[in-house]
Amino acid sequence: MTRIEIEMDLCCGAGACVLAAPAVFDQNDDDGTVILLDATPPADQREAAQEAAARCPTSAIRVV
Amino acid sequence: MVHSQAAENPSAQPFPTARPAGCPFDPPAPFARARAECPITPLRYPDGHIGQLVTGLETARSVLADTRFSSLPAGKRSPVKVPGSELSTDALPAGMFVNMDPPEHTRYRRLLSKHFTIRRVRELRPRIQELTDRLLDEMASASGPVDLVQAFAKPLPTLVTSELLGLPEADRAEFGRHVDVLFSLSTTGEEMQQSMAILGGMLHALIAAARKDAGPDILGRLTVETDLTDEELLGITIVLLIAGLETTTNMLALGTYALLRHSEQLAALRADWSLMDDAVEELLRYLSVVQIGPIRVAAEDFEFEGRSIRAGQVVTVSLPAANRDPLGFEDPDTFDIRRGPSRHMAFGNGPHQCMGHHLARLELAIGYESLLRRFPRLELAVPPQEIGTREMMVTYGVLELPVRW
Ligand code: HEM
Ligand code: SF4
């Protein structure tokens, strides 16, 4: 199963994750930080979530 | 293994700026040689300081993500003397979060990021399109060749930023003139300080106006929604100007030049506009206009990738070099708009990664496509060898781009 962990302290609100995996991540309208839409996304979202983790500039996303 | 970086290190090279002859889009050749040796190599700064140069993609990513490489101004030096680099940073207003580390930096990012989310930026699309079309209408009314930098690449980001900040239309010309001075090649430190002072006055007036009657623009929102002081708002505004204008202007002009010089790529784009977003990404990678820095200063002694870094050492990342790393990109020196998703570093990495990247991407996509559609026969009006480039500036680009259609 795919599980996603976020380290909120690290998030700088760049929104790279939303571009890479819009079904899994959103951006908070108040401070731009990441909103995890689905902490255990379906298998077909795993690759996108991994791409998001790789693109996150502060390595705030972990896909386990 | 610990490499020596003692001040007498004879192998430390100066930072190269000369572009290869006849190839204005390729980074200075010594970068590739340094990278082949090691992704991080000793670098000699103009005052004799020996620091590091980062040319490898993954190492560049690691350095910028590692806050032991600090963004604080103390001890920071530019690897080359560029206009303004000798200015003291002591007098800078509060709120210039580019020069901060987390957690201070985080506080400002959190207050500002909401204005640069993908959603907010998409809402700006119609307005950016309108401003773009207006500029192109004006350009089309000229008969002879036009300098694309002055007619289009400069005014578009200036207009977009003016909108974001809520700058009244009547003030935009004067505002643009002083911003020009800040970014001009021939500006002296004195002129720069003078224009900074005038811009500071204009911005203070703008902030005062926003406090009285807050509009829907960023400054208006910040006065209502945050407890930022006037000084901080000034600093933030200056950061937005410095970070957002010159970069986008040079991408627009140099990007157009690159497309005009790669006719088969341009033809492919004209035949299929759905390639536009990929073309923007490839232009960002291939051109990497931020050519001097990001610059960081080691905050402590530590081991980094087998090398001992000493507190106070200055590290300069070369984004053009990182974005041509063969370990990161196949045929890195080939411009190919069909390359597909690539993890380029044109916007940096780590907590300071470009806050305006969604906006920049949108401005570029709208800018290039509208320009090319409006002028189906757009071409250079002078031979390529007459087009001068900005080798000694933080942001690379063309000095002028005379075009006709
Ligand atoms: C194509 C155009 C652009 C390029 C290539 C670019 C590139 C960059 C780079 C490389 C950095 C990192 C600096 C560092 O790590 O020290 C940066 C930071 C920044 N950029 Fe951009 N940028 C562009 C457009 C914009 C625009 C349009 C805006 C917004 C109006 C903007 C706002 C910022 C801000 C605020 C920062 C500082 C972020 C921080 O320190 O936390 N940029 N940009
Ligand atoms: S990419 Fe990383 S830093 Fe940016 S919003 Fe997503 S989690 Fe936060």
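How many bridges join β5(B) to strand β11 of chain B, and do they run parallel or antiparallel? The legends below describe close-up views of a predicted model, and the first view gives the answer.

**View 1. The three-stranded sheet of chain B is open, with the strand order β5-β11-β10.** Its pairing is antiparallel. Because β5 (146-147) and β10 (379-380) of chain B each have a single partner strand, they stand at the edges, and one side of each is left without a neighbour in the sheet. Two bridges join β5(B) to β11(B), residues 402-404, and these strands run antiparallel. D147(B) has P402(B) in β11(B) as its bridge partner.

**View 2. A second open sheet in chain B has six strands, in the order β1-β2-β3-β9-β6-β4.** The pairing in this sheet is mixed. At the edges stand β1 (13-14) and β4 (69-70) of chain B; each has a single partner strand, so one side of each is left without a neighbour in the sheet. Strand β1(B) is joined by two bridges to β2(B), residues 40-44, and the two run parallel.

**View 3. Helix α2 of chain B, residues 57-65, packs on the six-stranded sheet.** The strands that α2(B) touches are β2, β3 (50-54), β4, β6 (295-298) and β9 (314-317) of chain B. The direction of α2(B) makes about 130° with that of β9(B).

**View 4. The loop between α13 (276-287) and β6 of chain B holds P294(B).** The peptide bond from G293(B) to P294(B) is cis, and its omega is near 10°. S288(B) also has its place in the loop between α13 and β6 of chain B. Phi of S288(B) is positive, near 35°, in a residue other than glycine.

**View 5. A cis peptide bond joins P102(B) and P103(B).** Omega of this bond is about 5°. P103(B) is in the loop between β4 and α3 (104-113) of chain B.

**View 6. Ligand 2 sits in the largest cavity.** Which residues surround ligand 2? They are C11(A), C12(A), G13(A), A14(A), G15(A), A16(A), C17(A), V34(A), C56(A), P57(A), T58(A) and I61(A). In this shell around ligand 2, nine residues are nonpolar and three are polar, with no charged residues.

Methods:
Residues are numbered from 1 along each chain as its sequence is written. Chains are lettered from A and ligands numbered from 1 in the order in which they are written. This is a predicted model: local features need pLDDT of at least 70, side-chain atom pairs count only at pLDDT 80 or more; totals for chains, interfaces and linings use all residues. Side-chain values use heavy atoms; hydrogens and water are left out. A residue is near a molecule or strand if one of its heavy atoms lies within 4 Å of it. On a 1 Å grid over the protein atoms alone, a cavity is a set of points where a 1.4 Å probe fits but cannot get out, and a pocket is an open set with protein on both sides within 12 Å along at least five of seven lines; lining residues have an atom within 4 Å of a point. A molecule sits in a cavity or pocket if more than half of its atoms lie within 2 Å of its grid points. Ala, Val, Leu, Ile, Met, Phe, Trp, Tyr, Cys and Pro count as nonpolar, Asp, Glu, Lys and Arg as charged, and the others, Gly among them, as polar. Two strands pair if DSSP finds at least two bridges between them. Helices (H or I, at least four residues) and strands (E, at least two) are DSSP runs, numbered from the N terminus. Contact means heavy atoms within 4.5 Å. Axes are lines fitted to C-alpha atoms, for helices over the stretch in contact, and angles run from 0 to 180 degrees between N-to-C directions.
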